[in-house]
Amino acid sequence: MKKIRIGVSTRIIHSENYIDDRDTLSHDWASLLEKINILPILIPNSLLEIEEFLDEIELDGIILSGGDNIGEFPLRDKNENKIMEYAINKKIPVFGVCRGMQIINQFFGGDIIRTTDRKHVGKSHSITVNKEKIFSFLDDDKIMVNSFHNNIIIETKLGKNLKVIAKDTNDESVEAFVHSNYPIIGIMWHPERMKDKNNYNFIKIFFNE
């Protein structure tokens, strides 16, 4: 069975051992995608002609990965906004994770709330999901997810044509949304760090359908 090709955006890090910035991606992503027969292709941040690169690698979908706050590395912000424009023009599915979800929200005119209480950092919690096709494999409307973010999204800060499909059971912050017109989804948790059946199915269903 031929693997589908998914481009994955990379985060930027400063390293004390090098004078230049580095693009990185957690090993967890490759492990997860390999298990569901997806070929991951890393997308660099420093390309001048990102559209030409994306044309050449002929992607079936794109994952906007987590890490880095928006505004921390303008190069990455600019790159991922160009990726969004390209994906919409080419009708390529986009799956945003944590920061990736925040980028999608801002791309469509929404905003985030920056918090300092760390209620969503390094903690697991339950979310309540809508009865959407993407969640059809679930036995319950509540599932446990991880949480590694200071920034949150609330319903009044959603971008245009974004529809809430999951909320935090405790504070009702938005944990997942889909776009009404494009094959775009955003989730606030990190599926690559959980590696359970729910997250395998979630990503597999989205990119295969």
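Reply: Let's begin with a word you'll meet a lot: a residue is buried if its relative accessible area is under 20%, exposed if over 50%, and partly exposed in between (1.4 Å probe, protein chains only). This is a predicted model, where local features need pLDDT of at least 70 and side-chain atom pairs count only at pLDDT 80 or more, while totals for chains, interfaces and linings use all residues. Numbering starts at 1 along each chain as its sequence is written, and side-chain values use heavy atoms, leaving out hydrogens and water.

Helices (H or I, at least four residues) and strands (E, at least two) are DSSP runs, numbered from the N terminus. Strands of a sheet pair through backbone hydrogen bonds, either parallel or antiparallel. Here two strands pair if DSSP finds at least two bridges between them.

Now the sheet. It is open and made of nine strands, in the order E4-E1-E5-E6-E13-E12-E11-E8-E9, with mixed pairing. E4 (38-43) and E9 stand at the edges with a single partner strand each, so one side of each has no neighbour in the sheet. From one strand to the next, the twist averages 25°. (Angles run from 0 to 180 degrees between N-to-C directions, with axes being lines fitted to C-alpha atoms, for helices over the stretch in contact.)

Ile62 has Val94 in E6 as its bridge partner. E6 is covered on both faces: Val94 and Gly96 on one side, and Phe95 and Val97 on the other, are all buried.

What about the helices? Contact means heavy atoms within 4.5 Å. Helix H1 (residues 27-35) lies across E1, E4, E5 (61-64) and E6 (94-97), running at about 150° to E4. Helix H4 packs on the sheet too, touching E5, E6, E11 (162-168), E12 and E13, and its direction makes about 115° with that of E6.

On to the antiparallel stretch. E11 and E12 pair in the antiparallel sense over five bridges, and Val164 has Phe177 in E12 as its bridge partner. These two strands form a hairpin with five residues between them, and Glu172 in the turn has a positive phi of about 65°. E12 and E13 also run antiparallel, with three bridges. Phe177 turns up again here, standing opposite Gly186 in E13. The hairpin from E12 to E13 goes through four residues. Six of the six residues of E12 are buried, so the rest of the structure largely encloses this strand.

Then there are the rings. A pair of aromatic rings is described by the distance of the centres and the angle of the planes. Rings of Phe, Tyr and Trp (its six-membered ring) pair if their centres lie within 6.5 Å; planes under 30 degrees apart count as stacked, over 60 as edge-to-face and the rest as tilted.

The whole structure holds eight aromatic pairs. Phe108 and Tyr182 have ring centres 6.4 Å apart and planes at 25°, so they are stacked. Phe108 is in the loop between H4 (99-107) and E7 (113-114), and Tyr182 in the loop between E12 (174-179) and E13 (184-187), so the pair ties together parts 74 residues apart in sequence. Phe108 is buried at 14% relative accessible area, whereas Tyr182 is partly exposed at 35%.

Another stacked pair is Phe135 with Phe202, at 5.2 Å centre to centre and 10° between the planes. Phe135 lies in the loop between E8 (125-129) and E9 (142-145) and Phe202 in helix H5 (residues 197-208), so this pair ties together parts 67 residues apart in sequence. Phe135 and Phe202 are both buried. Ring pairs also link Phe95, Phe135, Trp189, Phe202, Phe206 and Phe207 into a cluster.

One last stop is Asn199, also in H5. Asn199 counts as buried, with 4% relative accessibility. Setting aside neighbours within four places in sequence, Asn199 is in contact with Trp189, Pro191 and Met194. With Trp189 there is a side-chain to side-chain polar contact at 2.9 Å. (A polar contact is a pair of N or O atoms within 3.5 Å; within protein, one must be able to donate a hydrogen and the other to accept it, and residues adjacent in sequence count only if both atoms are side-chain atoms.)
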